Every structure is written in structure tokens, then in C-alpha cells.
Amino acid sequence: MQYYSMYGHVEALAREILRGANSVEGVEAKLWQIPETLPPEELVRLRAPPKSDVPIINPFKLPVADGFVFGFPTRLGMMAAQFKAFLDSTQYLWKAQMLACKPAGIFYSTSCQGVGQETAPFTAITQLVHHGMIFVPIGYTFGPGMFEMKEPKGGSPYGAGTYTGDGSRQPTELELQQAFHQGNHIATIIKKFKEDAHPIFTLHNRGY
């Protein structure tokens with residue numbers, strides 16, 4: 001799974017999604033960060049903590065994966081520019097449709113309730129469509145946790161999510177459980193999709 005996280009909230013969800021994916025027998029999920037686009041002095045001004053030791057991904061590594069879970073914070077109701085820049089750099093993969101027919105999910109963070117919890121993943125789907133990827137939402141498969149009303153909870157049928165508030169709020173236990181569920185859910189689907197895939201979907205049969 002590939003993610004961008006400035007303050008660590010999205011990374012916390014990513015690690016839990018990774019655990020959920022790797023809980024599926026026969027699945028080997030990996031965690032990757034996308035490159036930062038802001039200069040160091042701007043990150044200092046924004047009081048962003050140092051990045052973790054999760055490796056940085058090159059877009060040309062994407063075709064070897066059987067599926068994806070993309071994670072990002074929101075800016076004005078849409079994915080952060082850093083993640084958009086990374087997707088913009090996949091134009092050569094798009095031209096050859098190297099990511100076509102690969103399942104993909106989405107997770108995210110927003111600053112507060114009602115700000116981007118659905119618009120961010122909804123608008124992000126356009127990126128998947130152009131690549132020919134197959135969007136895999138969690139729907140309401142998380143069960144009663146989807147209907148929690150006693151505490152603030154991020155996420156939606158599109159995917160796992162969290163609220164950051166002023167930055168001090170961290171993902172709750174329920175949000176982390178939803179993230180684990182998403183990892184397990186999409187890994188199960190990716191595994192079955194790979195097992196049942198027709199040979200026409202193999203890499204050497206794609207592109208111009």
C-alpha cells in the first residue's frame with residue numbers, strides 16, 4: 001500500500017491496514033511512502049515531524065503489485081497535492097495501461113467531521129478510472145462499527161478514515177479496527193481476483 005502522511009495519522013491507518021492485509025493467508029503486503037514535494041524549510045514551518053523509515057516508492061514499482069490501497073490526508077476536500085503529484089508521475093504507466101484491472105482501495109484523514117470524508121475518496125476515484133483500476137470500497141462490511149454514534153469516527157463506505165483535529169487527535173481504536181478490516185477485506189478480494197484472473201490480464205498482454 002502507498003500513502004502520504006505529514007503528521008502520522010495516515011501512516012497509523014496504513015500500518016493497521018497492512019496488518020489486516022497480511023492476516024490473509026498467502027498475501028504479502030508491503031508499505032511504501034510516496035515522495036515529499038515540500039521543501040525542508042516549509043516542513044519545519046508546518047512543524048511536521050521527521051518521516052518514518054518506510055521506504056519511498058518509485059512509480060515504476062507499481063505494476064508488479066497485484067493490487068493497491070492508497071492513503072492520503074485531505075486538502076480542501078480532495079487528496080493532498082503530494083499524492084496527486086505522485087499519481088501525475090504515473091503517466092507512462094497510464095499510457096501503457098500497466099495498472100489496468102488491478103483492484104485498488106482508498107483511505108484518508110480529514111481535520112474534522114464533514115470535511116472530505118466522502119468527497120476526498122469520491123474525487124480520488126477519477127485517478128483509478130483513468131488507469132483502468134477496479135475500485136474496491138469497504139461498503140458496510142465493517143458491520144456495527146459503521147453505525148457508531150457515541151463517539152466521533154472517521155471513515156465511510158469508501159474506506160477507512162480518521163479525524164486529526166488540531167493534529168493532537170490520533171486514530172481511535174474503532175478507526176484502527178476499521179483500517180484492519182479494510183486491509184483484510186481488500187486483500188481477500190485481491191487474492192481471489194488473482195486466482196481467478198484470465199491470462200489476458202497479465203502484464204505482457206497490456207499496453208500499446
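Modeller: The structure holds one cavity of 30 Å³ or more. A cavity here is a set of points, on a 1 Å grid over the protein atoms alone, where a 1.4 Å probe fits but cannot get out. Volume is the space filled by probe spheres set on the points, and grid points are joined across faces, edges and corners.

This is a predicted model: local features need pLDDT of at least 70, side-chain atom pairs count only at pLDDT 80 or more, and totals for chains, interfaces and linings use all residues. Residues are numbered from 1 along each chain as its sequence is written, and side-chain values use heavy atoms, with hydrogens and water left out.

The largest cavity has a volume of about 30 Å³. Its lining is made of Phe-70, Phe-72, Met-79, Phe-83, Leu-87, Ile-106, Ala-124, Gln-127 and Leu-128. A lining residue has an atom within 4 Å of a point. Two or more of these residues come from each of β3, α3 and α5. The greatest share is that of α5, with three residues. Helices (H or I, at least four residues) and strands (E, at least two) are DSSP runs, numbered from the N terminus. By class, the lining has eight nonpolar residues, one polar and no charged. Ala, Val, Leu, Ile, Met, Phe, Trp, Tyr, Cys and Pro count as nonpolar; Asp, Glu, Lys and Arg as charged; the others, Gly among them, as polar.

Now turn to α3, residues 81-88. Which of its residues are buried? They are Gln-82, Phe-83, Phe-86 and Leu-87. Buried means under 20% relative accessible area, exposed over 50%, and partly exposed in between (1.4 Å probe, protein chains only). Seen down the axis of α3, these residues fall within an arc of 135°, so they line one face of the helix. That arc is taken from the directions from the helix axis to the C-beta atoms. The buried residues of α3 pack against β1 (2-3), β3 (68-75), β4 (78-79), α4 (91-95) and α5 (119-131). Contact means heavy atoms within 4.5 Å.

A pocket is an open set of points with protein on both sides within 12 Å along at least five of seven lines. The largest pocket holds about 580 Å³ of space. It has 23 lining residues, and Glu-28, Ala-29, Ala-65, Asp-66 and Gly-67 are the closest to its centre. Both β3 and α6 (173-196) supply at least two lining residues. Helix α6 gives the most, with five.

The second largest pocket holds about 330 Å³. Of its 20 lining residues, Tyr-7, Pro-73, Arg-75, Ser-111 and Thr-164 lie nearest its centre. Two or more come from each of α1 (9-22), β3 and β5 (103-110). Here β3 gives the most, with three residues.

Last, the loop between β3 and β4. Leu-76 sits there. Leu-76 has a positive phi of about 55°, although it is not a glycine. Most residues other than glycine have a negative phi. Leu-76 is exposed, with a relative accessible area of 89%.
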